[in-house]
Structure formats: structure tokens, C-alpha cells
Protein chains: 2
Amino acid sequence: MKALIVEDDSDLRRQLKQQLEQRGYTVEESGNGREALYLGQEYEYDIAVVDIGLPEVSGLDVIRSWRSQGKVVPVLVLTARGDWQDKVAGLEAGADDYLAKPFHTEELLARLNALVRRASGHASPVLAFGPLELDTSARVIKLSGEEVRLTSYEYRTLEYLMLNAGKTISKAELTEHLYHQDYDRDSNVLEVFIRRLRQKLDPDQSLKPITTVRGLGYRFSLDSADQA
Amino acid sequence: MKALIVEDDSDLRRQLKQQLEQRGYTVEESGNGREALYLGQEYEYDIAVVDIGLPEVSGLDVIRSWRSQGKVVPVLVLTARGDWQDKVAGLEAGADDYLAKPFHTEELLARLNALVRRASGHASPVLAFGPLELDTSARVIKLSGEEVRLTSYEYRTLEYLMLNAGKTISKAELTEHLYHQDYDRDSNVLEVFIRRLRQKLDPDQSLKPITTVRGLGYRFSLDSADQA
DNA sequence: CCCTAGCATCAGAGCCCTCTGAAACCCGGG
DNA sequence: CCCGGGTTTCAGAGGGCTCTGATGCTAGGG
């Protein structure tokens with residue numbers, strides 16, 4: 001999952017970045033509205049956190065501009081104080097949720113997760129495919145009830161595939177969503193992670209949850225249906 | 001399906017090419033308007049992606065020129081930033097759709113697919129001919145509800161035939177749309193693929209979905225009508 | 001009835017994509 | 001400073017896909 005943080009207070013920004021990264025997001029940050037505008041136009045994020053009170057170009061302008069360009073990235077606005085009007089303005093500008101500015105990181109994370117889930121069309125935080133369960137809020141995978149220990153990238157790869165279960169996802173799309181924009185394309189990291197996932201998720205080669213579609217990419221699918 | 005990408009930013013161009021190829025298109029690319037003009041005149045594409053902001057001959061000129069020569073290839077224009085006027089200009093020049101330039105690759109792909117479908121006169125991404133179903137968005141063929149596993153070229157061949165169901169397609173036209181322009185013509189690859197398709201689609205020789213029209217080419221047809 | 005052009009079929013060669021295991025690297029913690 | 005888990009690279013193996021060329025078949029014209 002790729003997140004963009006737009007916040008002029010550099011301390012808070014760094015702190016958020018760190019928190020989100022610990023949480024498994026790939027984070028890019030910006031301290032001013034002008035740059036944020038550009039970034040949102042140029043790159044694709046799964047979630048954006050935007051402070052309303054930015055110098056120069058305000059957060060509202062940033063969101064409005066994105067929206068007017070058809071950008072559908074879920075946006076959570078941070079409002080200074082518990083300012084009632086800012087919240088409304090933010091939502092009207094096209095934000096999806098808001099949080100008043102002294103906040104608990106936990107709550108921010110919970111809301112971000114909810115937004116990401118909603119954007120991918122899944123209401124419930126838990127996706128179950130047969131014996132495989134994905135809990136996006138807990139960032140946990142279970143196989144027949146047993147937790148499977150995955151590393152950060154293993155998890156992200158699987159999460160993206162599961163959120164798009166049934167669809168064939170090209171390797172280009174996967175890397176684009178897992179890594180920063182400047183990632184070296186000709187590498188086979190992905191294949192390595194796919195291999196690890198297959199090993200961990202399906203030790204006896206019976207489920208075959210991840211199918212290779214030669215020349216196109218990978219597809220997550222299991223017989224039983226998505227119960228989200 | 002054959003696509004032409006006209007874009008002067010070589011990074012973006014390469015990236016698009018890669019993405020489209022992974023999606024199963026045969027891609028040719030050009031970095032300038034003059035060459036694009038020529039290519040569009042000389043060859044037949046199923047879809048063209050044209051950046052408006054080209055040096056020398058602009059994207060608008062390219063499109064206008066194609067149109068004045070009666071070329072009906074579906075064109076999607078890329079406009080820099082959310083530039084309202086460029087969009088209108090593009091459409092007036094004869095483009096069929098537009099996308100503001102920082103865009104989501106997935107959205108571009110979705111739109112291209114829609115254009116290609118529309119151009120072939122089909123509204124829905126799923127074409128059904130009796131027990132045979134073609135889902136162009138998922139790139140999947142089903143026979144009586146069962147997925148038929150096709151390789152990349154098998155699929156492309158069948159897709160082109162099905163999108164032109166009822167029409168007799170010459171072998172020249174088929175190779176032209178499936179392969180790059182410099183493809184060696186005297187080969188019997190096509191016949192080999194037709195053979196494999198007939199095997200896979202019609203194991204008991206009862207449907208006969210692909211007819212040979214001696215001296216002319218092949219035709220996809222089934223008794224029941226197109227339900228798209 | 002034969003002859004020829006066009007098409008069908010087949011098996012194998014070659015290539016490209018993917019997989020795999022091991023080793024190197026990197027970074028944070030002890 | 002070393003250690004260890006995580007990530008990435010590398011190189012070779014493996015296997016599937018595509019293409020070729022030979023050969024057999026069929027339709028249609030003379």
C-alpha cells in the first residue's frame with residue numbers, strides 16, 4: 001500500500017511517516033501544497049493524508065484539484081483544532097474522512113485502514129477464501145486458523161493479490177503498488193516473494209492459491225467465494 | 001490487438017508500452033508527431049494513445065490529419081495536467097476519449113479496452129455465442145461455463161475473430177493485427193493456432209466455431225446470435 | 001480424372017518466461 | 001561491532017509457448 005502524507009509540520013510528518021511505514025505502508029511525504037498537487041497528479045497512491053492548514057496552497061485546494069482531475073484516491077484530512085467548519089469544508093472538497101488534530105496514531109491508522117478497505121470494495125476487514133484468511137486491520141494471515149508469519153513485503157504482495165482476488169495482476173502493477181516510483185524494473189524480486197508465499201501458504205501444494213498467468217502476471221483465486 | 005503509442009517522454013512511453021504489452025496488446029511506439037502521422041497512415045491499429053503536447057507536429061495535428069484521411073482508429077488523447085481546454089480541443093480534433101496526464105495506469109487500460117470494444121460494435125466486455133463466452137476484460141474464454149485455458153497468442157487470435165464474428169478475416173489482416181509490422185509473412189503460424197483453437201474450443205467437432213473460407217481467410221460464426 | 005494451390009496436421013527445435021536455491025547485501029538491535 | 005532477519009541479486013534449471021518445415025489432405029479447375 002502506498003501512502004502520501006501532506007503536512008507542513010516536519011516533526012509530525014516524520015512521525016507519521018514512521019508510523020505508517022511500521023504499519024507496512026510505503027510512504028511518500030510532502031511539506032507543501034504545491035508539491036502535493038504535483039505528486040497526486042503524477043503518482044498513484046492508495047491513500048493520502050492531507051493537513052488542511054498548509055501555507056500557500058491549502059489542503060482544501062489540493063483535494064479539490066485532485067478531484068477535479070478525476071483522482072479518486074481516498075483522502076483523510078487533518079484539521080487543526082476540533083474545528084467543525086474545517087471538517088465540513090474538507091469533506092465538501094472531496095475528502096473521505098477527517099481527524100481533528102491532536103489525535104491518537106492508533107485512531108488514524110484504524111481510519112486509514114478502513115478507507116483503504118472501502119476503496120478496494122471490501123467492507124469487512126477480514127477476507128476469507130476457503131482456509132485462507134486475511135485480516136487487513138490486524139495485518140495477519142491465517143491458514144486453517146493458524147497464523148502464518150509473513151514478512152512485510154510478503155504480506156503486502158499477498159494483500160494486494162487478495163484484495164484483487166480473481167483478477168490477473170500484472171507484475172508491473174504489483175511492483176508499482178509495492179514499491180516507490182523509482183524502483184528498478186528488471187529484477188525478479190517479485191517472483192521470489194511469490195515463491196515464498198506459495199511455500200508458506202501452501203506447504204503441501206494442494207491449494208494453489210496463486211496462479212501464474214504466463215506473460216500476464218499472477219492471479220489469486222480459490223474455489224470458495226469471497227465472503228467480504 | 002495492435003496499439004500505437006505516441007508520446008515524447010520516452011520514460012512514460014516505455015512504461016506504457018510495457019503495461020500494454022502485459023495486457024496483451026501488440027505495441028508500436030513513436031516519439032514524435034511526424035512519424036506518428038506516417039505510421040497511422042501506413043498501418044492499421046486497433047487503438048492509438050496520443051499525447052497532445054508533442055514537439056513539432058502536435059498531437060492535435062496528428063489526429064486531425066488521420067481523420068481527414070478517413071482513418072477511423074479509436075484515439076485516446078493524453079492531456080498535460082487537468083487542462084480543460086486541451087481535452088475539448090482533443091475531442092474536437094477527432095479523439096474518442098481523453099485522460100489527464102498524471103493518470104492511473106489501470107484507468108488508461110480500462111478506457112482503452114472500452115474504446116476497442118466500442119469500436120468493434122460491442123457494448124459489453126462479455127461476448128456470448130452459444131456456449132462460447134469471451135470476457136475481454138478478464139481475458140478469459142469459457143466453453144459451457146468452463147474456463148478454457150488459452151495461451152497468449154491463441155487468445156489474441158480468437159479475440160480478434162470473435163470481435164469480428166460473422167466477417168471473414170483474411171490471414172493478412174489477422175497477422176497484421178496480432179504481430180508487429182516487421183513480421184515474416186510466409187509462415188503458417190496462424191494455421192497452427194487455428195488448429196489449436198479448434199481443438200480446445202470444440203473437442204468433439206460439433207460446434208465448428210471457426211470456418212475456413214478458402215482463398216479468403218477465416219470466419220468465426222455460430223448459429224446463435226451475439227448477445228452483447 | 002488429374003493436377004495444383006491452398007490448407008491442415010504434426011513433431012521437434014529454439015526461445016523466452018518463470019522458478020528456484022543460494023549467496024550477498026542492508027539495516028536495525030543487541 | 002557483530003548478529004540476524006529481511007530483502008535483493010544472481011545464475012542456472014525447468015518448462016511452456018511459439019515457430020518452422022515436412023508431409024498429408026482437400027477443393028476446384030482444366
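In what order do the four strands of the open sheet in chain B lie? In this predicted model, the order is 6-7-8-9, and the pairing is antiparallel. Strand 6 (126–129) and strand 9 (146–148) of chain B form the edges, each pairing on one side only. From one strand to the next, the twist averages 25 degrees. Strand 8 (residues 140–143) of chain B runs antiparallel to strand 9 of chain B, and three bridges join them. Across this pair, Lys142(B) stands opposite Glu147(B), a residue of strand 9 of chain B.

An unreviewed UniProt entry lists Asp51(A) under "modified residue: 4-aspartylphosphate". Asp51(A) lies in strand 3 (residues 47–51) of chain A. Leaving aside residues up to four places away in sequence, Asp51(A) touches Val6(A), Glu7(A), Asp8(A), Gly59(A) and Leu78(A).

The largest share, five residues, comes from helix 8 of chain B. There are 17 residues around DNA strand C, and those that come nearest are Arg195(A), Thr212(A), Glu191(B), Arg195(B) and Thr212(B). By class, the surface near DNA strand C has seven charged, six polar and four nonpolar residues.

Note on methods. Residues numbered from 1 in each chain as written. Chains lettered and ligands numbered in written order. Predicted model: local features only at pLDDT ≥ 70, side-chain atom pairs only at ≥ 80, totals over all residues. UniProt positions renumbered as here; feature names shortened; annotations may be inferred. Helix = DSSP H or I, 4+ residues; strand = E, 2+ residues; numbered from the N terminus. Contact = placed C-beta atoms within 7 Å. Near = placed C-beta within 6 Å. Nonpolar A, V, L, I, M, F, W, Y, C, P; charged D, E, K, R; others polar. Pairing = 2+ DSSP bridges. Axes fitted to C-alpha atoms, helices over the stretch in contact; angles between N-to-C directions.
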